[in-house]
Amino acid sequence: MSYLLPRSVLLGAHVPDTVPAFIDNAFVDPGAAVRLPVHYPGTGAVVAEVAESDADMVDRAVRAARKAFDHGPWPRMTVEERQKILYRLQALMLEANDDLSRLECLHTGITQYSLGTRHIPRASYNFQFFAEYINHYSGRLYEQEDGYVTLIGRTPVGVAALLGPWNAPIALCTMKIAACIAFGNTCVFKPSEQTPLSLARFCEIVKEAGVPDGVINMVNGRGQVTGNALASHPGVDLISFTGGTKTGEAIMAAAAKGLRQVSLELGGKSASIVFADADVDYAIDGALLGIYNNNGQQCFAGSRVIVHTSVADRFLERFVARSKAIRLGDPQDPATEIGPVASENHRRHILSFTDTARAEGAEILTGGRAWEPGGSGYFVEPTAVLVKDNASRLCQDEIFGPFAAIQTFEDDDEAIALANDSRFGLAAHLWTENLERAMRVGAEMRAGTVWTNTPTVRDLRSAFGGFKESGIGREGGQSCLHFYTEERTQILPRRRPQLKRFAPGA
Ligand code: NAD
């Protein structure tokens, strides 16, 4: 594998070696700030650095967003004017697909092919979707109160803090940014400190698209420093966060001060249930995709594969054979199916579950090891482990890597009980040819999304989010409308009413 290119070639002309903050449509280097390395997971090489925004820099960004909201044109524009800019953002992102997918690959290790064909088009579509959406929602009018008209409309909430994770940085952050600004809010967003590159390039597009100053601002840095300063800032009116459950708790505590709204999209440990009547070959395709896609780092991954005993032998034999044959390698090579995981720390975390499996006497069917073709890069072999007990940490903890915990079941009630025996509740995946079973079991799932016989299709109109420790609130068309706007009621008399008069003679 030869993908260690010179820095200038890796980054192109667009992103400086040091990623600064972006405030009022200009890049701002925080000067003597802490510098954090950005690693390419394919080799471990440092490809850029991030200049960390401290509390003062975060304050400056929030003030810019505040000014743009309180006094700027954005919340006051007509829908048509805002739409034009949102469509322009979409078009410019598609034009910059090569740049964006290259940068996204460099800091995540996700295959460039899937970034260019799925993540970037989806990220740009976020702006198209919300541009269309804002043209179609309407308020309500009540006339029941005799002589009065009551109008209920929606108005943007204000300044939003948007915090994203490293596993799909641009797709997830732009979902928040698009929804937030489409409804007339302004924002300060913070990508993960591990993955700032593509969103820095996105900031250039923001400027080029004609988004007014201060509407979209970016700060960078560690969660405890920059993230905490942003979530706790009193100038922030609402917080949307995607990341780990523990961090979600910290964000919620920060949001309690000042009673700010929060939306939390958190971790998962979703069941992928293969019933006796499943099309087994198709279910294998789906289960493999469910656990290994995006290098195994998906919040909604089908990471607990639960297979009916009658088809278990056939399923396991093929699932394991296919796992062994997956092409692991350079994420910039179009032939690669799985790239590296995000960081050395994360690989250590994933592989610690191999020790758990051994200690518990679980059967490691394949993988469970690092893969180091050239002695570098954060690769993990696609891993499948047969687990005896759902209480195992292999079934209860979010591993967030190419690591499937497989169990068997005897009947539907057992499958339902296993699937729901989790502190998470993000998604469930069902594989069955029986529609009635799909409907009945689907309705029993304590999970925000239930996919039947399909990979992870997501219609942006639908609500996406989790039960239990997988989060609070939902993202998607109507859910975002509710989160990013406040309802305001206005009451008008049809003719001036006769008022009761206090002290009329005074
Ligand atoms: P993380 O919680 O470590 O970090 C997410 C973001 O929060 C980062 O920008 C980080 O810098 C920031 N942060 C960390 N500590 C903070 C603090 N105390 N205050 C403010 N901000 C802080 O998550 P991660 O490791 O980047 O991402 C992986 C996790 O994200 C997994 O658990 C995954 O399931 C979850 N995730 C959920 C969804 C979903 O839609 N439910 C989607 C993708 C990822």
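Trainee: Which residues does Thr 449 touch, leaving aside those up to four places away in sequence?

Mentor: In this predicted model, Thr 449 touches Leu 426, Ala 427, Ala 428, Ala 463 and Phe 464. What makes these contacts is that heavy atoms lie within 4.5 Å. Thr 449 itself lies in strand S22, residues 449-452.

Trainee: Why is Thr 449 called buried?

Mentor: The relative accessibility of Thr 449 is 14%. Buried means under 20%, so Thr 449 counts as buried.

Trainee: What makes Lys 468 partly exposed?

Mentor: Its relative accessibility is 41%. Lys 468 is found in strand S23, residues 467-468, and has a positive phi of about 50° although it is not a glycine.

Trainee: Where is Asp 24 found, and what is its phi?

Mentor: Asp 24 sits in the loop between strand S2 (21-23) and strand S3 (26-28). Its phi is near 55°, a positive value in a residue other than glycine.

Trainee: Is Asp 24 buried, partly exposed or exposed, and why?

Mentor: Asp 24 has a relative accessible area of 31%. Buried needs under 20% and exposed needs over 50%, so Asp 24 is partly exposed.

Trainee: Why is Ala 229 called buried?

Mentor: Ala 229 has a relative accessible area of 18%. The cut-off for buried is under 20%, so Ala 229 is buried. Ala 229 is found in helix H8, residues 223-231, and touches Ala 55 and Val 58, not counting residues up to four places away in sequence.

Trainee: How far apart are Ala 229 and Asp 54, in sequence and in space?

Mentor: They are 175 residues apart in sequence and 7.6 Å apart in space, C-alpha to C-alpha.

Trainee: How do you know that helix H7 is mostly covered?

Mentor: Nine of the twelve residues of H7 are buried. Among them are Leu 197, Leu 199, Phe 202, Ile 205 and Val 206, and the list also includes Arg 201.

Trainee: What span is expected for H7, and what does H7 reach?

Mentor: Helix H7 (residues 197-208) reaches 17 Å from its first C-alpha to its last, close to the 16 Å expected at 1.5 Å a residue. H7 is followed by Gly 210, whose phi is positive, near 85°.

Trainee: Why are H5 and H16 called roughly perpendicular?

Mentor: Helix H5 (residues 112-133) and helix H16 (residues 477-484) pack at an angle of about 75°, with their axes 11 Å apart. Angles of 65 to 115 degrees count as roughly perpendicular, so H5 and H16 are roughly perpendicular to each other. The contact is made by Phe 129, Phe 130 and Tyr 133 of H5 and by Gly 477, Gln 478, Cys 480 and Leu 481 of H16.

Trainee: How many residues of each class does the contact of H5 with H16 have?

Mentor: The contact has five nonpolar, two polar and no charged residues. Gly counts as polar by this scheme.

Trainee: Which domains does the assignment give, and how many residues are in contact between them?

Mentor: The domain assignment gives domain 1 (21-29 + 53-266 + 470-490) and domain 2 (271-452). Their C-alpha centres lie 32 Å apart. Between them, 17 residues of domain 1 are in contact with 22 residues of domain 2.

Note on methods
Residues are numbered from 1 along each chain as its sequence is written. This is a predicted model: local features need pLDDT of at least 70, side-chain atom pairs count only at pLDDT 80 or more; totals for chains, interfaces and linings use all residues. Side-chain values use heavy atoms; hydrogens and water are left out. Helices (H or I, at least four residues) and strands (E, at least two) are DSSP runs, numbered from the N terminus. Buried means under 20% relative accessible area, exposed over 50%, partly exposed in between (1.4 Å probe, protein chains only). Axes are lines fitted to C-alpha atoms, for helices over the stretch in contact, and angles run from 0 to 180 degrees between N-to-C directions. Angles under 35 degrees count as roughly parallel, over 145 as roughly antiparallel, 65 to 115 as roughly perpendicular and the rest as oblique. The expected span of a helix is 1.5 Å times one less than its number of residues. Domain bounds come from an automatic or database domain assignment.
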